[in-house]
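Please work through the exercises below with the sequence and the 3D structure open beside you, and try each task before you read its solution.

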Amino acid sequence: METYYVSSLWCVPRHFFDQLGETDQSNCLFCRGSAVWSRVSEPLHIYIYIFVCCYINVLLNIEYSLFLNDIIEDDKECFSLSVSGARSLSMTAQLQAQVQTKSKKTLARPGVKNIVLVEGVRTPFLLSGTTYADLMPHDLARAALQGLLHRTGLPKDAVDYIIYGTVIQEVKTSNVAREAALGAGFSDKIPAHTVTMACISSNQAMTSAVGLIAAGQCDSVVAGGVEFMSDVPIRHSRKMRKTMLSLNRAKTLGQRLSLIGSIRLAHLSPELPAVAEFSTAETMGHSADRLAAAFGVSRIEQDEFAVRSHTLAKQAQDAGLLQDVISFKVPGRDIVSKDNGIRPSSMEQMGKLKPAFVKPHGTVTAANSSFLTDGASAALIMSEEKALAMGYKPKAYLRDFVYVSQDPKDQLLLGPTYGTPKVLERAGLTMSDIDVFEFHEAFAGQIMANMKALDSDWFGQTYLGRKSKVGAPPMEKFNLWGGSLSLGHPFGATGCRLVTTVAHRLQKEGGQYGLVAACAAGGQGHAMVIEAYPQ
Amino acid sequence: MLARTHVSYELKDDVAVIRLNDPTAKVNTLTWQLQSELMAVMEEIWANGAVKGAVLISSKPGNFLAGADIKIIQSANSSEEATGFSRQVQKQLEKFEKSPIPIVAAIHGLCLGGGLELAIACQYRIATKSKNTFLGTPEVKLGLLPGLGGTQRLPKLVGLPEALDMMLTGRNISADRAKKMGLVHQLVDPLGPGTKPAEERTIEYLEEVAVGVAKGIANKQVPLTKEKSLMQKLQDTVMGLGQVRKMIYKTASEKVQKQTKGLYPAPVKIIESVKTGLEHGTKAGYLAESENFGKLTVTSEANALIGLYHGQVTCKKNHFGTPEKDVKRLAILGAGLMGAGIAQVSVHKGLTAILKDTTEESISRGHEQVYKSLNTKVKKRALTSFERDVTMSNLSVQLDYSGFQSADIVIEAVSEDINIKHKVLKEVEAIISPHCIFASNTSTLPIKDIAAASKHPEKVIGMHYFSPVDKMPLLEIITTDETSKDTLASAVSVGLKQGKVIIVVRDSPGFYANRCIFQTMAEAIILLQEGAGPKKLDSLMTSFGYPIGPVSLSDEVGLDIAAHVAENLTKAFGVEGGHSAHTILSDLSERGFKGRKSGKGIYLYEDGTKDRSVNPEAEEILKKYKVAAPPAVSSDSDRQYRVVSRFVNEAVLCLQEGILRNPVEGDIGAVFGCGFPPFHGGPFRFVDSMGAERLVSIMRRFEDVYGNRFTPCQLLLDHAQDPSKKFH
């Protein structure tokens, strides 16, 4: 008989857990929070649970919202008070940045086309299961595209190509780029395709655009990304699918009846998409916890970084710095114009949470991890001549970029460490040339581990083939407007946010060069150098 | 006070971290030195009121404590001395158990035997989930029992059935399994590299976690006992019933009896010690354990098994130096059972292999064999599907010689026909690079005959694998006079990479293993002619200690192959009885009775039935060759010794002729390749413990009836004349 695991929040049959291997991981795969699993052997109970749980998508965020509610109740006025240290740090950073000189040379090279970011927008990033819950992925993508059209005043037939990145695909709209483009009213003569590369999917969309323009295939491309975690495809079990497909082919009533008769209750249990690495069967949070431990990152360091992220995001939001956010009238709901996951809290609050993945001694918690998010982004990328010809004032040059990949087990989230020195070398820059750093914050522990890896001579020599360390980015230039931990992380959409934020920060802070770096599932990573467009 | 070299400790806040590190060895073992230093350290810690907890950890990567020092056991002159050792450590471990401060054992790597017994005397155990972390009580494999409190503490910790299973099989238990059994309390994931190497950081992390737990236990934040689930409570209640326990002892004893035929004393003593402890109290239990331990240490079985253990360690080393070029790429000719088996053990250990055959059907079958073996591991969760795929990507099955130019070694497993061997050798030599070795997996053809067709005879060597390759640990490597030293070193390094136990022998028909087996087979056939009956004969030999009887073995190997071997060896040696063996075996196989593979051999093989019956048609054929059994040498025991003495004599002859390099390899080859009873330790140790003189006198008696096939060889006679001469 199949064994089932039932938690207070979620239930899945044993075979689903098999994907995790013989481990004792008992965190909920969706909310990634802790849950106590107990064994039951009566499938009927499961179906009740499934009925109640699975098809109510709110579930996906119960754990996190519970956590938030706690904070909101206990700590209503904590936002700015509790973390004044971090705030003052960031304020001095901004002041410093403003007085920096702009005497550096440009990265423009003869014979290489200058490619520019004209505009970048995104829908507000919302906790999944909240206001966007009833939408579909292409709805969000369409909203971002319409926002881009609105902001740029771009004629609907003036782009040559549209590329979108996404991770968990809605089967009905597997080429979500095309569906969203059509719905947004773009000319049906504009081809569109969808790319996927885990958390750097929209980076891939943007660099594909850069490639098309550099190759002379296109002059203007819209690149973006979308992720919708409020609804994910949950499949029938393999056995059930096989039976159903055979039913289609069955010719006689007898054949059909015997196929129907072969269905067992256990076949009805659904198959959920896993937030686990396919090659290693390890969930990302678990790997992040191990990574943090490998670099000796303490729980306090992680919690402090998470608080910093939320605090800075809150300040940026309040100061109106997040200009890339567009308002979105959700059908049947209110207008959404703000990210809703930003919740600065106290270290004490953070300290109360139990580890979510490695128990009982782990350090990664629901609060120092990025949460499941719905959101979409879009960017208009053009050759400089084309942009100028169309009368645009570009925001930034998109310069060198690299993709890297490494061991998906022990170095799953070290993409930034590998990508940063590589892209700097390509661009002929050093760490100190960079004025603005925007790294993707998958987990606070992952960011801190990357910082330590970049700052380690041993790591530099052993794994990066260097004589010495790369050096960690200075915190006063790093993710000053919050990051994925606080703003949210719709897997496929984050890359565009990072690039647009760098462009906006360069404008605001007066810097010359910015660096984007991100890690992604599969042990991959990306880094890109962005140069301010002369103002 | 002498400086401590094996055990050190430092205080981390109020927790003492005790580090085990034997500077004289690669692995930590429980030596006198380590033990006394550990006790001295503990006394110091216990005397220090400021210390609230302790962590016991090894500084060695890959092992916590791999067991008691075998030297202590071997150097014990009497059972009393060994009992004394056991008593002493038992008392020390009792102090651990009753420690006023919690002691946390932090385990990374091997924690076996005495190491496990030390760990389970501690209050709390944390283990890393590393693939190299194993816990277990392998004493039974050495003919001993866990004599340092293991038979008493384990049943209380993991329950009677699990404890018996652990101690009677000696199996290694992975960290995950140990957690489920309740053998360890908590698991720690192995880490990747950080700002220092992975292994180093993992041990550090384990220590950090363990220190945290020790503090937690001292502050009463971490409970020592987990709340038991309903199932466990129920199980405990059931185990509380004397009747139930009685049944378990009975079942375990019966199983042991059935498997060991009463030839191995250790399992019986283990059950006895456990039983005494549970039924008559701990004190009596510890006493029984140490006494039984003492008794077992002086048995010939323990001596033989420990000898085998040492032999195996020796045969897992390359004694021929490092090969000039590291061998990474294999090419295997022939995708049959053997070829595919060789491919399987190769890719599984990270080598790349080309598997070539002449028909699509055979390479497809070969591919399936390798895939299936890996997929079984996936089903058992020993491997992830992803690891399986990556492993399979190292295998290429093909019909042509492409890629052979970059191979480092070619192993042929084609049909046993010298002409075919010559043909493929010539074909291969036209393609391969100059450094590439040509190895033949022939079972009987002399390597020098194969090498005769080679342009580079120094690169030709024999690598005789045993079927099924993934199960049989032995690899017999055969050198000719022309084989170069580097060729030998490379072949050995390949075998070691494949995880094999290796013996190196000189070229001769049948080499070592098959030459000896053939003597057994030939005698078995004669016994069948004399009307011994296949079943009776098999049971005679298994009760002597062979894992499989000679008749079943021939069926497993295939009667056609056995006939082929018989033909070759009879030609080469003119072995008496060989002709009839060859005639009868070919007669059987020509009728289609080829053994298990054809469903019919001397036995009938039907799916679903375990109890197989004798093939009546084969019996008919045997009747044709019937001869009368001379009553003087046909008692059960004589029949056993007729088979065994021919085997042993042939083995000694191989040493005498210089086929074998030493008795150690002879013993290892006989036990791991021919199924010689392990508790005898191999033919040479058998002669040592039985006395050459006695064996010779038995053989003389047979010689009187049968003539020179029972004439003892000169070396055996030498040993018989001078009892001080020993092989070991």
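The exercises that follow go from a whole chain to single strands, helices and residues.

This is a predicted model, in which local features need pLDDT of at least 70 and side-chain atom pairs count only at pLDDT 80 or more, while totals for chains, interfaces and linings use all residues. Residues are numbered from 1 along each chain as its sequence is written, chains are lettered from A and ligands numbered from 1 in the order in which they are written, and side-chain values use heavy atoms, with hydrogens and water left out.

**Exercise 1. Describe the overall build of chain B.**

Begin with the secondary structure: chain B has 30 helices and 18 strands, where helices (H or I, at least four residues) and strands (E, at least two) are DSSP runs numbered from the N terminus. Along its principal axes, the C-alpha trace of chain B spans about 85 × 60 × 50 Å. Finally, 57% of the 728 residues of chain B count as buried, a word that means under 20% relative accessible area, with exposed meaning over 50% and partly exposed in between (1.4 Å probe, protein chains only).

**Exercise 2. Work out how the strands of the E4-E6-E8-E9 sheet in chain B are arranged.**

Recall that strands of a sheet pair through backbone hydrogen bonds, either parallel or antiparallel; here, two strands are said to pair if DSSP finds at least two bridges between them. The sheet is open and its 4 strands show mixed pairing. Its edges are strand E4 (63-65) and strand E9 (173-174) of chain B, each of which pairs on one side only. Within the sheet, strand E6 (residues 110-112) and strand E8 (residues 134-136) of chain B pair in the parallel sense over 3 bridges, and B:Cys111 stands opposite B:Leu135 in E8(B).

**Exercise 3. Which strands pair with strand E4 (residues 115-122) of chain A?**

One partner is strand E11 (residues 373-383) of chain A, which pairs with E4(A) in the antiparallel sense over 7 bridges, and there the bridge partner of A:Gly120 is A:Ala379. Another is strand E12 (residues 396-405) of chain A, which runs antiparallel to E4(A) and is joined to it by 2 bridges; in this pair, A:Leu117 stands opposite A:Ala396. As for cover, 8 of the 8 residues of E4(A) are buried.

**Exercise 4. What covers helix H11 (residues 284-294) of chain A?**

First count the buried residues: they are 11 of 11, so helix H11 of chain A is largely enclosed by the rest of the structure. The cover includes helix H12 (299-318) and helix H16 (444-454) of chain A together with helix H8 (198-218) of chain B. Just after H11(A), A:Gly296 takes a positive phi of about 65°.

Conventions. Contact means heavy atoms within 4.5 Å.
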